[in-house]
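I opened this notebook to record what I looked up in one model. The sequence and structure are placed below for reference.

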Amino acid sequence: MNLFLQYQETGTRPMRDIPFYIYDLKVTEPGPHVPIHWHEELEIILPSVPGCLEIDGNRFPFQEGDIMFVNPYELHATRIHRPGQVCHMLLRSDCFQFLHDTAFFSTGRKLTEGELSFPTLITAHDPANRALLPPILQMTAMKPPSDEAMAFHLASLFFSILSTLFAQNRLLPSAPDQHALCIRYVKQSIRYMYLHLDEKLSVPLLADTAGLSEGYYTRLFKKYTHTSPARFLSDLKLETACACLASGLTVTEAAQKVGIDNISHFIRLFKQKYGITLKTYQHSYCFNNNPPQN
């Protein structure tokens, strides 16, 4: 449930000298795996099941054994076709700044400044996959670096990945400015929803806040998230309300936290999305921390 709330993951992870995080997630049923979100770190995804990665409105089907890269600030989500494991690793590529600053390492600078991007998908049949897989698998087995030796080991694995991508000309020019600008509008709007979730938000208000016409704003939002802003906002409110109920708040308090002052409307929306009543959710899910499936 809380993954939906981490659409922008800044500040949701513990502070570390070397910001490196591993999430080995178990998929129990087909469908949305990680809902739409973005973050400042580079993400490497290693799936053991087939699925689809969505990045900035584009869809990339993947199979077991493929390697995927999600660049910083890219709006992305994953769907899984059958149960299995999916490993997500996040790393701030600028954390090895001492090498980026050297005269010969212009590639690191271009990656940090957004001029170059990692490729989205390296299939299992791609020759580059064989060279990339060993250091990535070593990274999946690592713990967060707690000393210099571990930090240097992580750096060596990261630069082994970079070396392979650079040698095979797999590092790509970043998205055109107009494309990036459109994505930025969507990201800013999502952030505004989250920060003002306890207020009475509407699509006209969100469009006005973005400085766009309502029609263009709706088309733009749907292009990059594959859902309407109204549906996204409703889902976000209900996801947040579930978290509030699980933390011990009453139905009225949870509704107030997400800007819903009509309790009957809140109960109806909840039943429509999850197929159960709020009372059933409180008794069946809040106590075992097992969120309902929509």
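**Entry 1, conventions.** I worked with a predicted model, in which local features need pLDDT of at least 70, side-chain atom pairs count only at pLDDT 80 or more, and totals for chains, interfaces and linings use all residues. Residues are numbered from 1 along each chain as its sequence is written, and side-chain values use heavy atoms, with hydrogens and water left out.

I looked up pLDDT, the predictor's confidence in each residue, from 0 to 100. Its mean for the protein is 83, and 83% of the residues reach 70 or more. Residues 1-7 have pLDDT below 50, and this stretch has 25 contacts (heavy atoms within 4.5 Å) beyond near neighbours in sequence.

Of the 294 residues, 46% count as buried, meaning under 20% relative accessible area, with exposed being over 50% and partly exposed in between (1.4 Å probe, protein chains only). Among contacts with a separation of 6 or more, 70% come from residues 24 or more positions apart.

I checked the length of α4 (residues 127-140): its 14 residues should span 20 Å at 1.5 Å a residue, and its end C-alpha atoms are 21 Å apart, which agrees. The expected span is 1.5 Å times one less than the number of residues. A kink of about 40° lies at Leu133, shortly before Pro134; the bend is the angle between axes fitted to the seven residues ending there and the seven starting there. At the start of α4, a side-chain oxygen of Asp126 comes within 2.9 Å of the backbone nitrogen of Ala128. I list Ala128, Asn129, Leu132, Pro135, Ile136 and Met139 as the buried residues of α4. Their cover includes β1 (20-27), β8 (84-91) and α5 (148-167).

I located Asp235 in helix α9 (residues 229-246). Asp235 counts as buried because its relative accessibility is 13%. Its side chain makes a polar contact of 3.3 Å with that of Lys273; such a contact is a pair of N or O atoms within 3.5 Å, where within protein one must be able to donate a hydrogen and the other to accept it, and residues adjacent in sequence count only if both atoms are side-chain atoms.

Asp56 lies in the loop between β4 (51-55) and β5 (58-62) and, at 10% relative accessibility, counts as buried. His226 also is not a glycine and has a positive phi of about 60°. His226 sits in the loop between α8 (214-225) and α9 and, at 31% relative accessibility, counts as partly exposed.

Technical notes: Helices (H or I, at least four residues) and strands (E, at least two) are DSSP runs, numbered from the N terminus.
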